[in-house]
Amino acid sequence: MAELGSKGVTAGKIASNVQKKLTRAQEKVLQKLGKADETKDEQFEQCVQNFNKQLSEGTRLQKDLRTYLASVKAMHEASKKLTECLQEVYEPDWPGRDDTNKIAENNDLLWTDFHQKLVDQALLTMDTYLGQFPDIKSRIAKRGRKLVDYDSARHHFEALQTAKKKDETKIAKAEEELVKAQKVFEEMNVDLQEELPSLWNSRVGFYVNTFQSIAGLEENFHKEMSKLNQNLHDVLLGLDKQYSGNAFPVKAQPSDSTPAKANKSPSPPPDGSPITSPEAKTVNHELEASTLEAPGASIPKSPSQPAEAARAGAEAAGSEAAAGAEASKTEADSGSSSLPAVVVETFPATVNGTVEGGASSERADMPPGFLFKVQAMHDYTATDTDELQLKAGDVVLVIPFENPEEQDEGWLMGVKESDWIQHKELDQCRGVFPENFTERVQ
């Protein structure tokens with residue numbers, strides 16, 4: 001019997017809950033149709049809006065914090081792999097091997113400690129902060145349902161009071177239900193009216209503490225990491241001094257604040273060949289050419305020389321070469337020398353990368369100002385709109401810069417031969433490219 005009674009109570013509660021839902025649904029419909037007034041509390045509604053905003057911000061902060069921690073962990077793994085690589089390549093007879101092992105160990109410990117402190121002082125605090133929102137959100141929803149019950153009981157009581165045929169028993173019962181619904185609603189409403197503003201104001205202190213903790217942990221981490229990096233630098237400096245004869249210096253790249261074109265540096269080719277500047281290449285070509293000249297002849301060594309110096313050098317070279325040729329001819333005619341005549345080659349003087357004499361030295365099928373041809377030895381991926389995209393084997397026709405001052409060390413201006421043959425248009429086809437990715441062919 002007790003079991004049946006228990007089932008009967010359960011069934012009764014279910015029926016009561018169903019009835020409440022129907023009554024609330026009916027009340028909401030009447031309110032939306034304007035046939036029943038709704039109790040409004042603008043101050044509370046503002047608190048609810050603040051609550052939802054605070055919950056949204058907190059949820060996003062928690063998500064971004066977890067992403068940040070995942071990034072720290074990934075950086076830890078990458079740093080660990082890098083130090084392991086250093087340990088593997090550091091040969092046993094090199095000075096500072098024990099120091100590098102110790103630095104690698106401390107590096108790993110420092111990353112681990114940083115990650116763990118971020119979890120303890122930021123993530124767990126974040127989880128605790130957000131842990132209070134679900135309960136309050138549930139209570140806000142329940143308050144809304146109790147407000148509908150209160151409005152429904154109030155309207156029912158008012159309807160019975162204004163009815164033509166009054167039933168005092170029903171009116172008394174309706175009044176009792178109204179008082180009960182009002183009490184339940186007001187108890188919940190008062191509690192939330194106190195908690196929501198307090199929760200909203202707490203966000204400031206929470207955000208301050210969270211970001212202060214993260215900033216402080218980062219500051220300490222980078223200080224300690226800086227010390228380790230300095231120690232590693234000193235160890236490698238000692239290695240460099242002992243093996244200085246085989247050192248390969250690595251220069252720092254230009255900073256982001258430096259204008260890109262003013263310090264544009266060519267990338268090293270894929271095979272690791274050393275970067276050579278245009279000036280170095282010019283000297284090499286001139287040395288090769290000088291073996292064919294008469295003694296004393298000279299060619300301007302750099303496109304940066306003034307035009308007057310270049311012309312003077314060319315004239316001097318021509319004069320000395322002519323004198324040498326005349327002397328050779330005289331000796332040959334007199335039969336006083338058994339040495340063969342010296343073959344003299346002359347080269348046009350260049351000023352700022354252009355051939356002196358201009359149109360007279362240009363071939364009709366080449367672009368204006370054509371200097372020489374180069375062939376790409378490696379693929380080069382353009383990183384800017386003014387650069388040429390090269391594939392190994394591409395032939396490029398080198399031309400001078402319109403403004404020589406814009407030429408960066410190690411870079412040439414040119415147009416791919418295939419593009420020139422097809423379009424005969426410089427404005428759309430020309431671009432700059434790293435000289436060390438190419439080899440002069442003509």
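**A tour around Pro 197**

Select Pro 197: this residue is partly exposed, because its relative accessible area of 29% lies between the 20% limit for buried and the 50% limit for exposed. The model on screen is a predicted one.

Keep Pro 197 selected and show what surrounds it. Leaving aside residues up to four places away in sequence, Pro 197 touches Cys 47 and Leu 192. Phe 51 and Pro 197 stand 146 residues apart in sequence, yet their C-alpha atoms are 8.6 Å apart in space.

Now select residues 168–242. This is helix α5, and Pro 197 is found in it. The helix has 75 residues, and the distance from its first C-alpha to its last is 109 Å. That is close to the 111 Å expected at 1.5 Å a residue.

Go to the start of α5 and show the side chain of Asp 167. One of its side-chain oxygens comes to within 3.1 Å of the backbone nitrogen of Thr 169.

Then move along the helix to Arg 203. A kink of about 25° in α5 is centred on this residue.

Finally, select the whole chain and colour it by secondary structure. There are nine helices and seven strands. Of the 442 residues, 30% count as buried. Switch to a surface view: the chain exposes about 28,500 Å², with carbon and sulfur atoms supplying 54% of that area. Among contacts in the chain with a separation of 6 or more, 70% are between residues 24 or more positions apart.

Notes
Residues numbered from 1 in each chain as written. Predicted model: local features only at pLDDT ≥ 70, side-chain atom pairs only at ≥ 80, totals over all residues. Heavy atoms only, no water. Helix = DSSP H or I, 4+ residues; strand = E, 2+ residues; numbered from the N terminus. Buried < 20%, exposed > 50% of the residue type's maximum accessible area, 1.4 Å probe, protein only. Contact = heavy atoms within 4.5 Å. Areas by Shrake-Rupley, 256 points an atom, 1.4 Å probe, with all protein chains shown as cover. Expected span 1.5 Å × (residues − 1). Bend = angle between axes of the 7 residues up to and from the residue. Polar contact = N/O pair within 3.5 Å; in protein donor to acceptor, adjacent residues only side chain to side chain.
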